[in-house]
Amino acid sequence: MSTKWLKGSMLILSLIMGLVWTTAAQKGIIKGTVLDGKNNEPIPFADVVVENSTIGTSTDLDGTYELSGLEPGLYNVVVSFLGYKTVTEFEVQVSNSKPAIRDFTLLEDAEMVEEVIVKSSPFTKTEESPVSLQTIGTAEIQRNPGGNRDISRVIRILPGVTTTANFRNDLLIRGGAPNENRFYLDDVEVPNINHFATQGASGGPNGLINVDFIREVDFYSGAFPANRGNTLSSVFQFKQKNGRDDRIGFTGTLGTSDLALTMEGPLDKKKRTTFLLSARQSYLQFLFQLIELPFLPTYNDFQFKVRTRIGDKNEFYVLGLGAIDRFKLNLDANETPEQRYLLDNLPVNNQWNYTLGAVYKRFTDNGYWTFVLSRNMLNNDIFKYVDNDETQEKFIDYTSQESENKFRVENTSRFKGFKLVYGLGYQFVRYTNSSKDYQFVNGVLTPFNYESKFNFHRYSAFGQLSKKFLKDRIVVSAGVRMDGNSYSSEMANPLEQVSPRLSLSFALTERLTFNVNSGMYYQLPAYTSMGYQENGVFINKDRLKYIRNIHVIAGMEYMTKTNTKFSLEGYYKLYNNYPFLLNEQIALANQGGDFGVIGNAPVSSISEGRTYGMELLIQQRLYKGFYGILAYTLGWSEFKDADGVYVPTSWDSRHIVNLALGKSFNAMNTEKRQQQNAKRLAKGKEELTRKMIPQTLELGLNVRFQTGLPYTPFDYEASALVSNWNVRGQAIPNFDLLNTARANLAYGIDFRIDYKWFFDKWSFNLYLDLQNIPGAVSGVPQLILEQGDSGNETPTIINQGQPNASYLLREIVPGASTITPTLGIIVQY
């Protein structure tokens, strides 16, 4: 990173922060509705207060409230009512440009008399998932240093979470592979949340969800509820905001890599229908071309949500999320060995995908029905020309489509202290593939070429019953799920995929709780494996089964009076029926952390594995302007090799430490101005009459440390063969030495500063984000042709003219990562 660039950025930031504004500013508002969580009926006369202040109000007969006259900043809002559990929402961002809309649902406490107000935990915990559930709010996502407003990056600060590389969003949860995660956007399943996604997995370099839409994210690393299936490692529940109902508003975000615009507001005079709409255009390709990177990506995405309320008992909304990704090579960037390596190996990858969904909720006297109808589709094109010359033939030519049409109905009811959730699910799946590529069979590079097309049906049923005892000190939840499909007889019978689960939470004291969960979970193999053909035959069809994973989790948590949580959890995950790559003789669980496609090869569901470890979390919610998270994970991830011996997987991170700290300041507000004037009057000076704009300052720091991930050394002899190198141009792993090497320690520091000005009807946010300080050296060595530093020398061939003719290769080691600065502007109207 250029020192001049950094100094210039800091100078611009300091100049803007030093401006004195003279426009008067209004105060901020928090408003919304307080509803009964069982039947969605409004709760009148509920108390709504700002924590640790004298600001408060009560709901009216319609359950609505409004807290006005608030200085811009972050607030904790507490809602309580007799006989209900008190709810606190942390870090509500108040701005002059728009009201902060926060709706609350309160649950009755069946074990308590009506005269008692029950205080609930400030940290999310459900009956079904008393362990392994974390919640992140929108303020935490937006301000996270190094996160760049990307939800997948922010999640890394939580225990048990890591990734393959700092520039990718491959989420590795408790030693699991990147394809073991599931994502839901307001009850609608979204298969992919990243640009340039790895087909057959879930990772990619950039997230595509607009953080301005998100209210909070529930992250499950275990104890999955029964209505969330087809997962082995995690479930992400993204809860979106509803559009503002007072007027049309806009938010514009200008960053280092992209430009985004969000619009929201009411669609009818009664303000019962609102919308959110956003679009984003990247210009990353211009930046990459400027700094002479050999690849030039372009990404675009859109997102929308329209919600309407029909009386107090009906709610309907539609949503959409989509992306268009384009990628080309920068053939002029070929001066260094690292550039030439990337040009030789990276294919061109173009993608588009979308998800559309409609959700209808019907509330009854003791619960509600949820009906979800959705469709998602992915189109993936990958190709590469010989010598990157478009006049020559393509030696990689891959086109694939995946589409899913889904319907799910579920009911949630509460009666006599019980909570019951049950429902059914159905999907119609269509998959096509046209492939031309090469694969290694017994160390020999072998071409394969096939066309594939199939469709099939998926079906599921689920139910879960929960009950609280001894005045909520004991909570028990038991659930079961069944899944099946019409792809093959091996997976058709749902009774072969019965997924039981059981949770128990026991409050030993008012603040100390013991939690335990165990469950058996199933996941369908990737469509890329199911659709693989040889000689027109689906050769994997009779060899594939649902992957099975058994979880056992136990932990303790302690909550303080100042909203601090200490938790310690241990976990054990046992895998069966995992796809085993027959050519490479390794578990597919070792793949998925790179660009392209995984699973399109001969496989069989015979692999076994295990992951286990412990997690420590210390989390401080907003308290007097401070917040922070300290997470430490000690874990092992192992799968059996071809000899049946457990060896580390590619995700065996062992030690992970993340520390995130932050402080929020009110840089200039009315109270400070009053204090200034009081001092001036005391000294016989005139009052300052010029009105000041409210301003806030937030400072954030992330420190991360991780043991280097394992990798497989190269087979130098096989890699150097002219017959192999001329086709693939890259090293061949020696799977006899599977994951016997390990990368260097990965560490870094991220720093972020946000300064916000709040005007009459708009706000201005300037931020500077410095990522990867001090720039740790981490990564895997690579092999390239020995052509000298200039790359112009003729490659040396040993045993030329012989069957074993080989190139002279050269090893390049990863260099130090550079500090990545991001200077951004957010304008909200």
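Good morning. I begin with helix H5, residues 337–345, whose buried residues are Pro337, Gln339, Arg340, Tyr341, Leu343 and Asn345. Buried here means under 20% relative accessible area, exposed over 50%, and partly exposed in between, with a 1.4 Å probe and protein chains only. Helices (H or I, at least four residues) and strands (E, at least two) are DSSP runs numbered from the N terminus. The cover over the buried residues of H5 includes strands E23 (314–329), E25 (367–385), E44 (782–785) and E47 (809–812), together with helix H9 (722–728).

On provenance, this is a predicted model: local features need pLDDT of at least 70, side-chain atom pairs count only at pLDDT 80 or more, and totals for chains, interfaces and linings use all residues. Residues are numbered from 1 along each chain as its sequence is written, and side-chain values use heavy atoms, with hydrogens and water left out.

The pLDDT, the predictor's confidence in each residue from 0 to 100, has a mean of 87 for the chain, and 91% of residues reach 70 or more. Over residues 1–25 the pLDDT is below 50. Where pLDDT is low, the predicted coordinates should not be read in detail.

As to overall architecture, the chain has nine helices and 48 strands. Of its 829 residues, 55% count as buried.

Five strands form an open, mixed sheet in the order E10-E17-E18-E13-E14, where pairing requires at least two DSSP bridges between two strands. Its edge strands are E10 (133–137) and E14 (188–189). Strand E13 (residues 181–185) pairs with E14 in the antiparallel sense over two bridges.

Terms used. Contact = heavy atoms within 4.5 Å.
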